[in-house]
Amino acid sequence: GHQLVIESLGKITSEKPSLTIVGEGSKNRKAYLENYAKKNNVSLNIISSISDSQLAKEYLESFTYVNGAQNEPFGLTSLEAIGYGCNLVTNDTGGTKELAFFYKDKVFISRNNSDDMSKKIVESLAYNSETAPDMSNFSWDSVAQSIDML
């Protein structure tokens with residue numbers, strides 16, 4: 001999904017946001033993403049190793065979290081980003097779109113193409129939802145209890 005996100009950001013013509021990717025990956029994959037970002041005129045920062053406190057800082061300094069993963073059943077990082085107050089732009093092909101049920105004003109669902117995702121990123125950046133939502137429904141205890149009740 002990183003390639004889709006880079007391509008989507010590359011289509012934004014005014015006030016293009018930068019992209020930070022947090023995660024491990026091979027040197028070849030990182031080089032590929034860096035070259036792809038340059039080709040699409042996207043400022044890219046890849047952070048391979050990060051502490052929990054630094055990760056929290058990254059979320060708090062971000063306004064939108066973009067999940068371009070395809071066919072992912074659910075993304076905990078997407079929920080984590082919403083918990084820190086970020087808006088979420090996500091594909092219609094994965095389970096993260098279900099977060100719109102709980103946080104309809106924070107989740108922007110894109111068709112699985114760069115043109116639509118680019119538009120949703122711009123919409124998300126223009127929408128000012130300043131407060132982080134109540135995440136108490138998503139504690140381990142409450143989720144385990146709701147699963148147990150099924």
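Modeller: Let us start with burial: a residue is buried under 20% relative accessible area, exposed over 50%, and partly exposed in between, using a 1.4 Å probe and protein chains only. This is a predicted model, in which local features need pLDDT of at least 70, side-chain atom pairs count only at pLDDT 80 or more, and totals for chains, interfaces and linings use all residues. Residues are numbered from 1 along each chain as its sequence is written, and side-chain values use heavy atoms, with hydrogens and water left out.

Biologist: Is Lys-120 buried or exposed?

Modeller: Lys-120 has 19% relative accessibility and therefore counts as buried. In the protein chain, buried residues account for 35% of the 150 residues.

Biologist: Which residues is Lys-120 in contact with, leaving aside neighbours within four places in sequence?

Modeller: Contact means heavy atoms within 4.5 Å. On that basis, Lys-120 touches Val-89, Phe-108, Ile-109 and Ser-110.

Biologist: How are two packed helices described?

Modeller: The angle between their axes and the distance between the axes are used. Axes are lines fitted to C-alpha atoms, for helices over the stretch in contact, and angles run from 0 to 180 degrees between N-to-C directions. Helices are DSSP runs (H or I, at least four residues), numbered from the N terminus. Here, helix α1 (residues 2–10) and helix α5 (residues 114–126) have axes that come within 8 Å and cross at roughly 65 degrees.

Biologist: Which residues make the contact?

Modeller: Helix α1 contributes Leu-4, Val-5, Glu-7, Ser-8 and Leu-9, while α5 contributes Ser-114, Met-117, Ser-118 and Ile-121.

How values were computed
Helices (H or I, at least four residues) and strands (E, at least two) are DSSP runs, numbered from the N terminus.
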